[in-house]
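Let's take a walk through this structure together.

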Amino acid sequence: QVRLHRHLPETLELEIAEYDTIYACIGSLGRITTLNEAGLVLEQCAALPQVTCILLGADFTEITPGEMLPEEWGGTFSALKNVLTALENAGMAEEVGYIDISDALDLHVMVRGRILLKLGTDYDIDSKLLAARTVMDTELGDDFIGYVDVAVNGRAFTRAMPLAEIADAQYLA
């Protein structure tokens, strides 16, 4: 982002601010699209940069850097922001491997590299993550691999499964 400031009589000041990469979305053929928190496409690249969050389930490789994501992704990005805020509030942000945004009504988050959280929508996400965190910390062993389903508010279901069955193949690669 560039801002131009004019100081009379003869001074022109350029203020240049680099956008922070917040998301890296892995699309077709392993191509990666980096995005800022507003949904602005920053670049298309072949290697995964240092980012806050890896997104799966969408392909933005056809969008030119400098353009915003199409309007139909607005609701999904709003839900994504709510989920990220709730993950931070729950102290789980550092444990996130990826977030699957293929369906805004059925969000999935891989945590600890071995547990898939099935969140449903972002409605009452703080309560859902509190329930998930409680189950993970008190009922599941350190070797548990599977999913924790908290999509129905007030309930948590778990199921042990092999990692290859719960994790996205792109993530495992």
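Start with Leu116, which touches Tyr98, His108, Val109, Met110, Gly146, Tyr147, Val148 and Ile166, leaving aside residues up to four places away in sequence; contact here means heavy atoms within 4.5 Å. Keep in mind that this is a predicted model, in which local features need pLDDT of at least 70 and side-chain atom pairs count only at pLDDT 80 or more, while totals for chains, interfaces and linings use all residues. Residues are numbered from 1 along each chain as its sequence is written, and side-chain values use heavy atoms, with hydrogens and water left out.

Leu116 is found in strand 9; helices (H or I, at least four residues) and strands (E, at least two) are DSSP runs, numbered from the N terminus. Is Leu116 buried or exposed? Leu116 has a relative accessible area of 5% and is buried, on a scale where buried means under 20% relative accessible area, exposed over 50%, and partly exposed in between (1.4 Å probe, protein chains only). If you look from Leu116 to Thr85, the two are 31 residues apart in sequence, and their C-alpha atoms are 18 Å apart in space.

Now step back to the whole protein. You will find four helices and 11 strands in the protein, and its C-alpha trace spans about 70 × 35 × 30 Å along its principal axes. Of its 173 residues, 38% count as buried. Among contacts with a separation of 6 or more, 45% are accounted for by residues 24 or more positions apart.

Let's go inside next. A nonpolar core is a set of buried Ala, Val, Leu, Ile, Met, Phe, Trp, Tyr and Cys residues joined through side-chain atoms within 4.5 Å. The largest such core has 37 residues, and those with the most contacts inside it are Tyr23, Leu55, Ile99 and Leu117. Two or more residues of this core come from each of strand 3 (23-26), strand 6 (53-56), helix 1 (74-89), strand 8 (107-111), strand 9 (115-120) and helix 2 (125-138). Helix 1 gives the largest share, seven residues.

Cys25 is in no disulfide, and the nearest cysteine sulfur, that of Cys53, is 9.8 Å away. Cys25 is buried, with a relative accessible area of 1%.

Glu95 forms one with Arg112, with the closest N and O atoms 3.4 Å apart. Glu95 lies in the loop between helix 1 and strand 7 (96-100) and Arg112 in the loop between strand 8 and strand 9, so this pair ties together parts that are 17 residues apart in sequence. Glu95 is partly exposed at 22%, and Arg112 is partly exposed at 26%. Glu95 also forms a salt bridge with Arg133, at 3.1 Å between the closest N and O atoms. This second pair links the loop that holds Glu95 to helix 2, where Arg133 lies, 38 residues apart.

Arg133 has a further partner in Asp137, with the closest N and O atoms 3.3 Å apart. Because Asp137 and Arg133 are four residues apart in helix 2, about one helical turn separates them. Through shared partners, these salt bridges join Glu95, Arg112, Arg133 and Asp137 into one network.

Val2, Leu4, Leu12, Leu14 and Ile16 make a nonpolar surface patch of about 570 Å². Patches are made of residues with over 30% relative accessible area and no salt bridge, with like charges joined within 9 Å and nonpolar side chains (Val, Leu, Ile, Met, Phe, Trp, Tyr) within 5 Å; accessible areas come from the Shrake-Rupley method with a 1.4 Å probe, and for residues only the protein chains shown count as cover. Strand 1 (2-7) and strand 2 (11-16) each supply at least two residues of the patch, and the largest share, three residues, comes from strand 2. Val2 lies in strand 1 and is exposed, with a relative accessible area of 57%.

Key
A salt bridge is a side-chain nitrogen of Lys or Arg within 4 Å of a carboxyl oxygen of Asp or Glu. A disulfide is a pair of cysteine sulfur atoms within 2.5 Å.
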